[in-house]
Amino acid sequence: MFGSGLSNQTGAAIGSLAFPVLGPLGVVAVRQYVAALVLVAVGRPRPRDFTWRQWWPVLLLAVVFATMNLTLYTAIDRVGLGLAVTLEFLGPLAIALTASRRRLDAGCALLAAAGVVVLMRPQPSTDYAGMALGLVAAACWASYILLNRVVGRRIPGAQGPAAAACVSALMFLPVGIAVAVRHPPTAGAVLCAVAAGVLSSAVPYLADLLTLRRIPAQTFGLFMSVNPVLAAVVGWVVLGQGLGAPEWAGIGAVVAANAVSLATRPGRGAR
């Protein structure tokens, strides 16, 4: 779990090193290509066998997947890795909290909201567009989770996500060509973008697949709370994006809200 989270955030950091050459759009395009290759190899989809009832959630999943990565990487470019990932993490947190009727979870929601207020507090240097993109990425991640459930019920195995990744890659194909023509890529930039795809798509997907065979899903969700902290640390070490005490407090509030909500749920030890 730790390796998966560290790989994901390190991949995003390395990908951002290619922003000056490829821009967030170009990096996301390469990441979509890599994700499609990995998921097709694992899922081996048979799209000719899909019915329209199976196809429409796959198409929606492809659009959400593409939008989620594009808004996240653009937010990283504007507000930094730690803050962007923390805002994106509000998506799955919102799903977890809204599905509950416990008073404790209502308190966790207020704690997370307080953390967001701290992160988005008005300052002369506040990039509201970057913050808004992070929130759009959060909405996309929440939609991604819900759509994955629908796809998983209608299409066996990993065929659905694999087909969605292919559609998403096809959507970005003209984008990638346009970026390459307007901004000729360097070998270093392409390597960084490919590394982002491998570290943020291939490695986490396979690692999570193996992990979920060994531990309860609730424990896995609890450990996901560490991702905003890992993102902040990786952003500081790799990119030199230091955060002040208020930002760390905001990240801590969001992480604590998720951790408390999951850790106190009934049946935590059930596999």
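"Buried" here means a relative accessible area under 20%, "exposed" means over 50%, and "partly exposed" covers what lies in between. Keep that handy for the exercises below, and remember that this is a predicted model.

**Exercise 1. Find the buried residues of helix H4 and say why the helix counts as largely enclosed.**

Step 1: locate the helix. H4 runs over residues 81–88.

Step 2: go through it and apply the cut-off. The buried residues are Leu81, Gly82, Leu83, Ala84, Val85, Thr86, Leu87 and Glu88.

Step 3: draw the conclusion. Eight of the eight residues are buried, so H4 is largely enclosed by the rest of the structure.

Step 4: Of the 271 residues of the protein, 47% count as buried.

**Exercise 2. Describe the overall fold, and check its radius of gyration against that of a compact globule.**

Step 1: do the globule check. A compact globule with 271 residues would have a radius of gyration near 18 Å, and the protein has 18 Å, which agrees.

Step 2: look at the extents. The C-alpha trace spans about 50 × 45 × 30 Å along its principal axes.

Step 3: ask how the chain contacts itself. Among contacts with a separation of 6 or more, 88% come from residues 24 or more positions apart.

Step 4: finish with the surface. The accessible surface comes to about 12,700 Å², and 70% of it belongs to carbon and sulfur atoms. As for charge, the mean positions of the 19 positive and 7 negative charges are 12 Å apart.

**Exercise 3. Work out how Ser261 and Asp105 are placed, and which residues each one touches.**

Step 1: Ser261 is in helix H12 (residues 245–263), while Asp105 lies in helix H6 (residues 103–119).

Step 2: check burial. With a relative accessible area of 1%, Ser261 is buried. Asp105, at 2% relative accessibility, counts as buried too.

Step 3: list the contacts, skipping residues up to four places away in sequence. Ser261 is in contact with Leu97, Arg102, Asp105 and Cys108. Asp105 touches Leu97, Ser100, Ser261 and Arg265.

Step 4: compare the lists. Ser261 and Asp105 touch each other, and Leu97 turns up in both sets.

**Exercise 4. Is Val21 buried, partly exposed or exposed, and what does it touch?**

Step 1: Val21 sits in helix H2 (residues 19–43).

Step 2: its relative accessible area is 27%, so Val21 is partly exposed.

Step 3: beyond its sequence neighbours up to four places away, Val21 touches His183, Pro184, Pro185, Thr186 and Ala189.

Step 4: for a C-alpha distance, take Ala193. It is 172 residues from Val21 along the chain, and their C-alpha atoms are separated by 10 Å.

**Exercise 5. Which helix has the lowest mean pLDDT, and which the highest?**

Step 1: start with the average. The protein has a mean pLDDT of 86, and 96% of the residues score at least 70.

Step 2: helix H10 (residues 217–223) is lowest at 73, whereas helix H3 (residues 52–79) is highest at 92.

Methods
Residues numbered from 1 in each chain as written. Predicted model: local features only at pLDDT ≥ 70, side-chain atom pairs only at ≥ 80, totals over all residues. Heavy atoms only, no water. Helix = DSSP H or I, 4+ residues; strand = E, 2+ residues; numbered from the N terminus. Rg over C-alpha atoms; globule rule 2.2 N^0.38 Å. Buried < 20%, exposed > 50% of the residue type's maximum accessible area, 1.4 Å probe, protein only. Contact = heavy atoms within 4.5 Å. Areas by Shrake-Rupley, 256 points an atom, 1.4 Å probe, with all protein chains shown as cover. Lys, Arg positive; Asp, Glu negative; His and termini not counted. Charge placed at Lys NZ, Arg CZ, Asp CG, Glu CD. pLDDT = per-residue confidence, 0-100.
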